[in-house]
Amino acid sequence: EPFSSIFYFLILLFLFHFSWKLSIDGDMHGNYIYLFNKNITPDWIFNINEWLTQAAAFFIHLFPNTDSLIVESNYLYFEDGLKTQIIWGCTGVKQMFIFCGIMIFYRMFEIKKFRYSKEKHSLDLQIHFPRYNRKKWWYIPMGCLALTIYNIIRIGSISLLTRGRPEIFDSLHDGIFRIIYYTIIFMLWVIWEEYFIKKAKKENKTIQQ
């Protein structure tokens, strides 16, 4: 049972990861979003970029000796650090897309009965939609909020840590902080699996007994 749940999670993770890769073929390092070579960049994405820049700047200012931080539109940098531009690829929309996809389709329904009659050429299929799926209406937005808060911390931390050491940008941006991103997605799924699904199953067993 534990391994089947993790296997189910991994299938959904890779499914939505590669569906993003195949459909969103724009430049992750550019300012425009392309869906199958069609520009679908909404106007509000630039406001989101500037908001993220301001939010990351607020986080940075929580630390001492950060008065020299320079904020210009969607640029964030120290004079002795790396000039970082906050673009649409920095918004975390890909990670939220993957998280939402996993949560929506994970155990969306359970097959209670599956019987095919060769004589009648008929299929007897009974599908049950567990009641705990209703809690996804608030759990998914809360998970996206947690990912957004982490993203702000991630952007601010990169600006802080690359101050005077711009050469470590790639190892932070494409390495450590990306791993943490997907670890948070995994932990949000673990909380859902351990607290909501297993709790609901225990309650059902208690009622049946």
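Going from the N terminus, the chain's elements run α-β-β-α-β-β-β-α-β-β-α-α, which comes to 5 helices and 7 strands. (Helices are DSSP runs of H or I with at least four residues, strands are E runs of at least two, and both are numbered from the N terminus.) Keep in mind that this is a predicted model: local features need pLDDT of at least 70, side-chain atom pairs count only at pLDDT 80 or more, and totals for chains, interfaces and linings use all residues. Residues are numbered from 1 along each chain as its sequence is written, and side-chain values use heavy atoms, with hydrogens and water left out.

**The chain overall**
- Buried residues make up 37% of the 209 residues; buried means under 20% relative accessible area, exposed over 50%, and partly exposed in between (1.4 Å probe, protein chains only).

**Salt bridges**
- The whole structure has 3 salt bridges, each being a side-chain nitrogen of Lys or Arg within 4 Å of a carboxyl oxygen of Asp or Glu.
- Arginine 163 and aspartate 80 pair up at 3.3 Å, N to O. Arginine 163 sits in the loop between α4 and α5 and aspartate 80 in the loop between β4 and β5, so this pair ties together parts 83 residues apart in sequence.
- Glutamate 193 pairs with arginine 107, with their closest N and O atoms 3.8 Å apart. This pair links helix α5 to the loop between α3 and β6, 86 residues apart, and both residues are buried.
- Arginine 178 and aspartate 174 have their closest N and O atoms 3.5 Å apart. They are 4 residues apart in helix α5, so about one helical turn separates them.
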